[in-house]
Amino acid sequence: MSTVKQSRRRPIFGRMYPMMARAMDEGGMTERRQSLLAGLTGEVVEVGAGHGVNFALYPAEVARLVAVEPEPRLRAQAQAVAAEAAVPVEVVPGMAERLPVADHSVDAVVFCMVLCSLPDVGAALAEARRVLRPGGQLRFLEHVRADTRGLARVQDVLDATVWPLMVGGCHLGRDAEAAIRRAGFHIGHLDRFLFPPARTPVSFHILGTALRGGDE
């Protein structure tokens, strides 16, 4: 039997990300993350849960949260946070491209600032489809490609040079919306916003909900 990789060590990012997330929340991102998770019920998987920054925001109607995190340092922090969460949280190692979750077993899959950094976005979204029950939801909060050629070119330069090295494999210029649609999801709600509010290469974000094609 082949061994499935479950961890991806990024020690520098593991130290930096909690500080980055705290700065974003102080700037107003908490409200966006609350919107991301509002109304969820039943069994949920959060892919790339980091240090557990979202755990306190899950609604009480969530019966079980499986938090998948490949980075060991972040996973250890998430396990400590999970013990204090209001909903039952199971923090597990695993990769977005090979989720340790059974077929058609969950009501929602959550991606929060994750699709930008994955080696294979298509495989990760295919996994989300695999584990979702009929009628299940994909929830996503991601930064995305800029809407002007000039800023998109800057994103491409950053992605080809320093940005992925500095920020845990992140790619600013990915078109997450297009990837979600290509994976066979039908987007029902989509909110575009700038964070921070100035038009910079890092400011373009989307927040939304999608269903598997044929499940509407």
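This is a predicted model: local features need pLDDT of at least 70, side-chain atom pairs count only at pLDDT 80 or more; totals for chains, interfaces and linings use all residues.
Residues are numbered from 1 along each chain as its sequence is written. Local features need pLDDT of at least 70, side-chain atom pairs count only at pLDDT 80 or more, totals for chains, interfaces and linings use all residues, and side-chain values use heavy atoms, with hydrogens and water left out.

**Stop 1: helix α3.** Select residues 121-131. Helices are DSSP runs of H or I, at least four residues; strands are runs of E, at least two; both are numbered from the N terminus. Val121, Ala124, Leu125, Glu127, Ala128 and Val131 are buried here (under 20% relative accessible area, 1.4 Å probe, protein chains only). Look down the axis: these buried residues fall within an arc of 150°, so they line one face of α3. The arc is taken from the directions from the helix axis to the C-beta atoms.

Now show β4 (106-112), β5 (132-143), α6 (176-182) and β6. The buried residues of α3 pack against these elements (contact: heavy atoms within 4.5 Å).

Go to the start of α3. A side-chain oxygen of Asp120 comes to within 3.3 Å of the backbone nitrogen of Gly122.

**Stop 2: Gln79.** Select helix α2, residues 72-82, and find Gln79 in it. Gln79 is partly exposed, at 42% relative accessible area (partly exposed runs between the buried limit of 20% and the exposed limit of 50%).

**Stop 3: strands β6 and β7.** Select 185-194 and 204-212. Each strand supplies at least two residues of the lining of the second largest pocket.

Methods:
A polar contact is a pair of N or O atoms within 3.5 Å; within protein, one must be able to donate a hydrogen and the other to accept it, and residues adjacent in sequence count only if both atoms are side-chain atoms.
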